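The following briefing goes through a single protein chain, topic by topic, for a reader who has the sequence and the coordinates to hand. Please look over the display before reading on.

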Amino acid sequence: MEMKEPTVDAGDAADTGGNGAADPPAGGHAVTAERDRLLEEKNELLELLKRRQAEFDNFRRRAEREKADVLEFANTESVGAILPIVDDFERALKTQTTDQVYAQGMQLIYQRLLDSLKKLGLEPITTKGQKFDPHVHHAVDMVETADVEEQSILDEYHPGYNFRGRLLRPAMVKVAVRKK
């Protein structure tokens, strides 16, 4: 078998541009346009993916925050439902009894209940010797007196509580007002 040497046409030699690589054919402009279109489409899709990822992250954070709010609301409702029991314990502990063992048992149960509620986030509102604050106190009675400063709390009828930094129940109090 005889091998033939490849022949170089004069027109082919001009296409190499001296570096041995051929220039794109006349249809090369269409390939470049297609490449540019595909790059633009790729960049648009990447931007869309980034936006969707950011939206999903925001959704996830919002869902977690809403879940925490629902749990806190449920806890608030539960603790609020237990407060009348705490009030009953306080009234029961104020009664006189001759059975000291019974009284100590009641005091122990009451203290354990309060400790458990405090661990959950219940905080009593301080009233004695404080100034009346309509945001945390409910004035049930107003007494005219010159003995103490005006708007001072004289007595507490019903204790108030905050739960995790929010008012759960205002304290019902007796407030001093100036004599007219």
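Among the contacts in the protein with a separation of 6 or more, 61% are accounted for by residues 24 or more positions apart. The model is a predicted one, and buried residues make up 17% of its 180 residues. Three helices and six strands are present in the protein, and from the N terminus on these elements follow the order α-α-α-β-β-β-β-β-β.

**Helix α2**

- Helix α2, which covers residues 28-94, has 67 residues and spans 98 Å from its first C-alpha to its last, a value close to the 99 Å expected at 1.5 Å a residue.
- The helix has a kink of about 25 degrees at Leu-83, a position that lies shortly before the proline Pro-84.
- The buried residues of α2 are Gly-28, Val-79, Leu-83, Val-86, Asp-87 and Phe-89, so that Leu-83, where the kink lies, belongs to this buried set under the cut-off of under 20% relative accessible area.
- The partners against which the buried residues of α2 pack are helix α3 (100-120) and the strands β1 (122-124), β3 (153-158), β4 (161-163) and β5 (166-169).

**The aromatic pair**

- One aromatic pair is found in the structure.
- The pair is formed by Phe-89 and Tyr-110, whose ring centres are 6.1 Å apart and whose planes stand at 45 degrees, and it therefore counts as tilted.
- Distant parts of the chain are linked by this pair, since Phe-89 belongs to helix α2 and Tyr-110 to helix α3, with the two residues 21 residues apart.
- Both Phe-89 and Tyr-110 are buried.

**The three-stranded sheet**

- An open sheet is formed by three strands in the order β2-β6-β3, and its pairing is mixed.
- The edge strands of this sheet are β2 (137-144) and β3, each of which pairs on one side only.
- On average, and with direction ignored, neighbouring strands of the sheet are turned by 25 degrees against each other.
- Strands β2 and β6 pair in the parallel sense over seven bridges, and within β6 the bridge partner of Val-143 is Ala-176.
- Strand β3 is joined to β6 (residues 171-177) by four bridges, and these two strands run antiparallel.
- Strand β6 is mostly covered, with five of its seven residues buried.

- Thr-145 is placed in the loop between β2 and β3.
- What is the relative accessible area of Thr-145, and is the residue buried or exposed? Its relative accessible area is 13%, and Thr-145 is therefore buried, because the cut-off for a buried residue is under 20%.
- When neighbours within four places in sequence are left aside, the residues in contact with Thr-145 are Ala-176, Val-177, Arg-178 and Lys-179.
- One of these contacts, Ala-176, is also the bridge partner of Val-143 in β6.

Key. Residues are numbered from 1 along each chain as its sequence is written. This is a predicted model: local features need pLDDT of at least 70, side-chain atom pairs count only at pLDDT 80 or more; totals for chains, interfaces and linings use all residues. Side-chain values use heavy atoms; hydrogens and water are left out. The expected span of a helix is 1.5 Å times one less than its number of residues. The bend at a residue is the angle between axes fitted to the seven residues ending there and the seven starting there. Buried means under 20% relative accessible area, exposed over 50%, partly exposed in between (1.4 Å probe, protein chains only). Contact means heavy atoms within 4.5 Å. Two strands pair if DSSP finds at least two bridges between them. Axes are lines fitted to C-alpha atoms, for helices over the stretch in contact, and angles run from 0 to 180 degrees between N-to-C directions. Rings of Phe, Tyr and Trp (its six-membered ring) pair if their centres lie within 6.5 Å; planes under 30 degrees apart count as stacked, over 60 as edge-to-face and the rest as tilted.
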